[in-house]
Amino acid sequence: MMDHLLVMPIILPLFAGLAILWKRDASARFKRLVSLSAMVLLVAVSVALVTLASDDTIRYYALGDWQPPFGIVMVLDRLSALMVLLTSVLALFAGLYACAGQDEEGSNFYGLFQLQLMGINGAFMTGDLFNLFVFFEVLLIASYALLMHGGGKARTQSGLHYVALNLAGSSLFLIALGVLYGTLGTLNMADMAQKVATLDTSSAGLTMAAGLLLLTVFALKSAMLPLYFWLPRAYAAAPAAVAALFAIMTKVGIYAILRVFSLIFGNHAGALADMASPWIWWGGLATLALAAVGCLSARDMRTLVSYLVLVSVGTLLAAASLPGQQSLSALLYYMPQTTLVTGGLFLLADLIDDQRGKAGARIVKSRPLRQPALLGTLFFIGMAGIAGLPPFSGAIGKAMILQATPEGARVWLWSILLVAGLCAIVAASRAGSTFFWRSSEGEASGPLAGPARGIATAALIGAAPLLALLAGPITQFTDATAEQLDHPARYIDAILNPDPENQAMPMSNSEETP
């Protein structure tokens, strides 16, 4: 069973989603039971994969026993294991929140939810670029429907923009794949990494153009400026549970940038070495600066949280462009906390909306909340964590990124990151004082949070103090992950030069990292 564990993050949500869609006329209770059971199992599988990857062995699973570079392979290393675990934890609590009734606002919620999980996990674990495209399409098709779950003018408008932009991105992705296959003769990432270093000058230009096309696609997925204008409207309009799951979507783009531009176009790629770093650096800084302005201009909590997602995207992209393992480790520590906490803040915005009547989540004076102590505490922890205030994990992550910044780049990153943090604090203070202190006269009403919604929201926002308490063991893991990423030869050897003695089953191969 351990040999087949590598495909379980894809198989579990696939079968669960198909079972729910097959029984589409079944009761809501049946759908919730199947979906939540699958997500609990997925968390258990993800923990097992992280444990498995902790021995520094890079493993792959060859579907149909077609060996690389020709077959479809799922690859498990520290980075993919970390991202699958992050996705499964976020999805579990987003799904739990939806169980309180949001799943019944439209049709096929849990089936689509599971298929999106399959696409996200597949994108994190695939070992070739074509299947990265395939899994992108799976997660995007599911997200199109989830974004418009429940209907409404705002969701339809934002969904139309979201679909149009991503269809354009998919077209660019296919063009880039065609060019890369024409110049390199392969789309297996390990094989591409070997061949790109030996390109002749006549093919290097085309390969660089295709690589920059890929960067454009991944910039769209990660919402890097100038391709981020779709995100605030789409995330603010989405149902709360969907918006919480969407917190991982930008990280899929950042993961793709890390994987492709460290493995294929990394420092070993000859004339194409580190070609994307300047674009990622300036794009990340611009995203960070404009997102900070967006936080100050937000007039609705959902929009504010959407811009906080963009602040984290800019921070992660800037860190991804910095040289050395220290910056990679800092990025990998900061990524889980910002993903989980922003997901929790989307859920919190929905709770506040329910208890404020017509004012909803708009940052305007309104009647008092029914649960001001609970919601206020969660608001304070979540906003302090995402803004980077100590003693929460956001402060630790930002401090690690600032410490890893080379001296020549500090004037840019330090100033913009600190000013963005100040803008986030100002915006959060304005929203918090309006929601919890500037209440008009009137009786508090609206539904209580309830156990499912309260637990889901508290669990995600609770990542801010929890990841701070566990900073020691987490940074040990991220340090080792950064070292693995910084040595692409380990990945290449594990996929293309497997040790037969480590081949446990006909469809699964593993290679001890040298």
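**Figure 1. Thr 478, a buried residue of helix H20.** At 1% relative accessibility, Thr 478 counts as buried in this predicted model, since the cut-off for buried is under 20%. Thr 478 belongs to helix H20, which covers residues 471-485. Apart from residues up to four places away in sequence, Thr 478 touches Ser 329, Leu 332 and Tyr 333. Arg 78 is 400 residues from Thr 478 along the chain, yet the two C-alpha atoms are separated by 8.4 Å.

**Figure 2. Helix H12 and the helices around it.** Helix H12 runs over residues 277-297. Its 21 residues should span 30 Å at 1.5 Å a residue, and the end C-alpha atoms are 30 Å apart, which agrees. The buried residues of H12 are Ile 280, Trp 281, Gly 283, Gly 284, Leu 285, Thr 287, Leu 288, Ala 291, Ala 292, Gly 294 and Cys 295. In an α-helix there are 3.6 residues a turn, so residues three or four places apart point the same way. Which helices do the buried residues of H12 pack against? They pack against helix H8 (201-222), helix H11 (249-263), helix H13 (301-320) and helix H17 (410-436).

**Figure 3. Helix H11 packed on helix H13.** H11 has 15 residues and reaches 21 Å from its first C-alpha to its last, close to the 21 Å expected at 1.5 Å a residue. Of these 15 residues, 14 are buried, and the helix is mostly covered. H11 and H13 pack at an angle of about 5 degrees, and their axes are 11 Å apart. That angle makes H11 roughly parallel to H13, because angles under 35 degrees count as roughly parallel. On the H11 side the contact is made by Thr 250, Lys 251, Ile 254, Ile 257 and Leu 258. H13 contributes Val 309, Ser 312, Val 313, Leu 316, Leu 317 and Ala 320. By class, this contact of H11 with H13 has eight nonpolar, two polar and one charged residues.

**Figure 4. Helix H13 packed on helix H14.** Here the angle is about 175 degrees, with the axes of H13 and H14 10 Å apart. H13 and H14 are therefore roughly antiparallel to each other, since that term applies to angles over 145 degrees. The residues in the contact of H13 with H14 divide into 15 nonpolar, six polar and three charged.

**Figure 5. The largest nonpolar core, seen around Leu 345.** In soluble globular proteins, nonpolar side chains tend to be buried together. The largest nonpolar core of this model has 192 residues. Leu 129, Phe 218, Met 301 and Leu 345 have the most contacts inside this core. Helix H14, residues 325-355, gives the most to this core, with 16 residues. Leaving aside neighbours within four places in sequence, Leu 345 is in contact with Met 301, Val 305, Leu 308, Gly 382, Met 383, Ile 386 and Ile 461.

**Figure 6. Met 118 in helix H4.** Met 118 is found in helix H4, residues 109-125. Its relative accessible area is 10%, and Met 118 is therefore buried. Not counting residues up to four places away in sequence, Met 118 touches Ile 10, Pro 13, Leu 14, Phe 135 and Val 138. Met 118 and Ile 386 are 268 residues apart in sequence, and their C-alpha atoms are 28 Å apart in space.

**Figure 7. Two cis peptide bonds between prolines.** Most residues other than glycine have a negative phi, and most peptide bonds are trans. A cis peptide bond joins Pro 68 and Pro 69, with omega about 15 degrees. Pro 69 sits in the loop between strand E1 (58-62) and strand E2 (73-76). The bond from Pro 390 to Pro 391 is also cis, and its omega is near 10 degrees. Pro 391 lies in the loop between helix H15 (372-387) and helix H16 (393-404).

Figure 8. Asp 56, a residue other than glycine, has a positive phi near 70 degrees. Asp 56 is in the loop between helix H2 (28-53) and E1. With 27% relative accessibility, Asp 56 counts as partly exposed. For Ala 223, phi is near 65 degrees, again a positive value in a residue other than glycine. The loop between H8 and helix H9 (230-237) holds Ala 223. Is Ala 223 buried or exposed? Ala 223 is buried, with a relative accessible area of 0%.

Definitions and conventions: Residues numbered from 1 in each chain as written. Predicted model: local features only at pLDDT ≥ 70, side-chain atom pairs only at ≥ 80, totals over all residues. Heavy atoms only, no water. Helix = DSSP H or I, 4+ residues; strand = E, 2+ residues; numbered from the N terminus. Expected span 1.5 Å × (residues − 1). Buried < 20%, exposed > 50% of the residue type's maximum accessible area, 1.4 Å probe, protein only. Contact = heavy atoms within 4.5 Å. Core = buried A, V, L, I, M, F, W, Y, C linked by side-chain atoms within 4.5 Å. Axes fitted to C-alpha atoms, helices over the stretch in contact; angles between N-to-C directions. Parallel < 35°, antiparallel > 145°, perpendicular 65-115°, else oblique. Nonpolar A, V, L, I, M, F, W, Y, C, P; charged D, E, K, R; others polar.
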